[in-house]
Amino acid sequence: MDNISHLIDLNDFSPSQWNTIVSLAHEIMSAPMVYAGACRGKIMGTLFYEPSTRTQMSFQTAMLRLGGGIIGFDNPSTSSVAKGENLKDTTKIVSGYSDILVMRHPLEGASKAAALTADCPVINAGDGGHLHPTQTLTDLLTLREEKGRLNDLTVGFCGDLKNGRTVHSLLKALSCFEGNKFILVSTQELKVPTYIKDYISASGKTYEEYTSLEDVMPMLDVLYMTRIQRERFSSPEEYEKQKHVYCLDTKKMKLGKPELIVMHPLPRVDEIAVEVDDDPRAMYFRQANYGMYVRMALILCMLDYRLESKPLLSGKIMNEVCCTNPKCITHTEKYLPHSFRKNGDVLECEYCDERILI
Ligand code: NCD
């Protein structure tokens, strides 16, 4: 439906709208009881087609703390999805039962596809390796609370920068603030996708690519560690080659500034040694806690229609053209209109941002 505002890509909202959400989260943290009944009578549906601990539970807790109710599934095999129901029908039905829908799906562009038929606002809680806007709101709140600013930061990203959707969303968001600089640490195979690098450059910010974490530690104000995303590799052998490459330990922490903060969207596998948890610069557990407050603020803003997003599809419908990303939702949900933005010689899929040369 056209008149509903959805959260699919954080950059569909303006930075001043992000500020509204993050500031409200700060207010909620300081006086949570004031908001205890703010969503009484409202229902949130959570459709989790992929595993989750923090995102799903922080959304659920957020709604419960606001006095609302929750329905949904965290395992599609116990829903009608197991009988072959398509995304469109599941979304149509559950959005009719709910006031707001939260969706996580392994395919890229799935939340946008769902929003096309939903009768209530849809929040993207992660679509494959593509985007994860509510983790980014969590990260922005963490930076505001712990660094006091969102600008003039040298931010290092380390790990699986190709498949890490939290990395993609955060890079896009931090590109909107003056003076930020990005240090991208990964293996050759797991570099940040080109479309994100182009986004950084187009916004006038700079990035540098490295393979050694030790080398960059002294430069950083913020280090954003990520796990290698095993489930997104095409074969177990490919994953085996990439795992255990980076590990932040106390020895490397000694190279960091005293005011450095270490963030991680979690779950951690082995990329941060447990010994680092006791370092006061380790911020990841506190970061996860901020996630609940920022989701309370987001739910309130979305249910109050305080946010206005861009239209879901604004490009050209070209059903004869197929997206070349095998993980794009358009390959499994065949009824979806194939919609592309034209950018010079390139068509950009409006679901997954894949670029196709014409
Ligand atoms: C992240 C995700 O699901 O993308 N986790 C999260 O939401 N906090 C990161 C990850 O799975 O590695």
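## The ligand and its shell

In this report, Ala, Val, Leu, Ile, Met, Phe, Trp, Tyr, Cys and Pro count as nonpolar, Asp, Glu, Lys and Arg as charged, and the others, Gly among them, as polar. By that division, the shell around the ligand holds three nonpolar, five polar and three charged residues. The structure described here is a predicted model.

The residues that surround the ligand are T55, R104, H132, Q135, R165, T166, R227, Q229, P265, L266 and P267. R104, R165 and R227, which belong to this shell, count as charged because Arg is assigned to that class. P265, L266 and P267 also belong to the shell, and they count as nonpolar because Pro and Leu are assigned to that class.

For R227 the distance is 2.6 Å, and for R104 it is 3.0 Å. A nitrogen atom of the ligand, in turn, lies 3.2 Å from a polar side-chain atom of Q135. The ligand taken alone exposes 310 Å², of which the protein buries 94%.

## Salt bridges

The model contains 22 salt bridges. One of them joins E209 and K197, with the closest N and O atoms 2.9 Å apart. This pair links distant parts of the chain, since E209 belongs to strand 7 (residues 206-210) and K197 to helix 7 (residues 194-202), 12 residues apart. Are E209 and K197 buried or exposed? E209 is partly exposed, because its relative accessible area is 34%, whereas K197 is buried, with a relative accessible area of 11%. The cut-off that places K197 in the buried class is a value under 20%.

A further salt bridge brings together the side chains of R281 and D279, at 2.9 Å from N to O. Both R281 and D279 are buried.

## A salt-bridge network

R341 and E348 also meet through their side chains in a salt bridge, with an N to O distance of 3.0 Å. R341 is partly exposed, as its relative accessible area is 27%; E348 counts as buried, at 11% relative accessibility. Salt bridges that share partners connect these two residues with others in one network, whose members are D198, R341, E348, E350, D353 and R355.

Strands of a sheet pair through backbone hydrogen bonds, either parallel or antiparallel.

Strand 11 (residues 339-343) and strand 12 (residues 346-349) are paired in the antiparallel sense over four bridges. Within this arrangement, K342 stands opposite L347 in strand 12. The salt bridge between R341 and E348 therefore joins residues that fall within the ranges of strand 11 and strand 12, as strands are DSSP runs of residues.

## A buried loop residue

Between strand 9 (261-263) and helix 11 (284-303) there is a loop, and A273 lies in it. A273 is buried, because its relative accessible area is 18%, and the limit for this class is under 20%. A273 and T154 are 119 residues apart along the chain, and 23 Å separates their C-alpha atoms.

Terms used: Residues numbered from 1 in each chain as written. Predicted model: local features only at pLDDT ≥ 70, side-chain atom pairs only at ≥ 80, totals over all residues. Heavy atoms only, no water. Salt bridge = Lys/Arg side-chain N within 4 Å of Asp/Glu carboxyl O. Helix = DSSP H or I, 4+ residues; strand = E, 2+ residues; numbered from the N terminus. Buried < 20%, exposed > 50% of the residue type's maximum accessible area, 1.4 Å probe, protein only. Pairing = 2+ DSSP bridges. Near = heavy atom within 4 Å. Polar contact = N/O pair within 3.5 Å; in protein donor to acceptor, adjacent residues only side chain to side chain. Areas by Shrake-Rupley, 256 points an atom, 1.4 Å probe, with all protein chains shown as cover.
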